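Hi everyone, thanks for making time for this.

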Amino acid sequence: MPEWWPTFDWLTRLVETATGWAGLGIIFVYSFLIAFALPGVSEIVLLAPLDLGMPQWMKLTVIMIVSGLGKAAGSVFAFHIGQEAKESGVIIGWLRRSRFDIIEWSESASVELARRYGYAGLAIALCVPFFPDTLSIYAFAVLERDYVRFAVATFVGSVGRLLVTLGLFGVGSLTLTFI
């Protein structure tokens, strides 16, 4: 990235140090921003050292629900932007002429999931850990029209992603050394 481009390392550090019930608000805001604007991955929320006075499994459940709700809200915002972009031939034309041809890529990968599996395809695409999901969200946002189904799919995919991440790092014993 260019030097002038803002970094959001401070926000990641804020999530990694979030404590108490106010930390849930930080997780919500971070997840909201990850869904439509920030580069990065959402799995970082699992590192939040929240002390909520509850067992570890319950704390992780609360984190996943709050993060899923934040990402669903951010996705609906992105969905709205996608709907507006769909109306603007200028934006679609610019995307088609761009150096990376985002439209062609999205139509060949993410959009294939949407065409084949509908909203379940979006949820599946969002379950892939450590992959920025903003592109998938915008690709689906341009094609789809139902705000509620879109929000539900992004919530399910977001929580699924965190569950897959926990599964990869030993959720069976809940002895995740980084949490």
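Let me start with a question: among contacts in the chain between residues at least 6 apart in sequence, what percentage join residues at least 24 apart? The answer is 75%, where contact means heavy atoms within 4.5 Å.

Some housekeeping before we go on. This is a predicted model, so local features need pLDDT of at least 70 and side-chain atom pairs count only at pLDDT 80 or more, while totals for chains, interfaces and linings use all residues. Residues are numbered from 1 along each chain as its sequence is written, and side-chain values use heavy atoms, with hydrogens and water left out.

Now the overall picture. The chain has nine helices and zero strands; helices (H or I, at least four residues) and strands (E, at least two) are DSSP runs, numbered from the N terminus. Of its 179 residues, 42% count as buried. Buried here is under 20% relative accessible area, exposed is over 50%, and partly exposed is in between, with a 1.4 Å probe and protein chains only. The accessible surface comes to about 9600 Å², and 67% of that belongs to carbon and sulfur atoms; these areas come from the Shrake-Rupley method with a 1.4 Å probe, and for residues only the protein chains shown count as cover.

From the record: the unreviewed UniProt entry annotates residues 20-48, 60-81, 117-143 and 150-171 as "transmembrane region". Those positions are in the numbering used here, feature names are shortened, and annotations may be inferred rather than shown by experiment. In the model, residues 60-81 are 100% helix and 0% strand, with the end C-alpha atoms 31 Å apart.

On to the inside. A nonpolar core is a set of buried Ala, Val, Leu, Ile, Met, Phe, Trp, Tyr and Cys residues joined through side-chain atoms within 4.5 Å. The largest one has 20 residues, and Ile-27, Tyr-30, Val-45, Leu-46 and Leu-50 touch the most other members. Helix H1 (9-16), helix H2 (22-36), H3 and helix H9 (147-168) each supply at least two residues of this core. Apart from it lies another core, of 12 residues, including Phe-79 and Tyr-119.

Ser-67 itself sits in helix H3 and counts as buried because its relative accessible area is 1%.

Is Ala-73 buried or partly exposed? Ala-73 counts as partly exposed, because its relative accessibility is 28%. Beyond four places in sequence, Ala-73 is in contact with Phe-28 and Phe-32.

Last stop, the charges. The structure holds one salt bridge, meaning a side-chain nitrogen of Lys or Arg within 4 Å of a carboxyl oxygen of Asp or Glu. Which side chains meet in it? They are those of Glu-43 and Arg-161, at 2.4 Å, N to O. Glu-43 is in the loop between H2 and H3, Arg-161 is in helix H9, and the two are 118 residues apart. Glu-43 is buried at 5% relative accessible area, and Arg-161 is buried at 0%.
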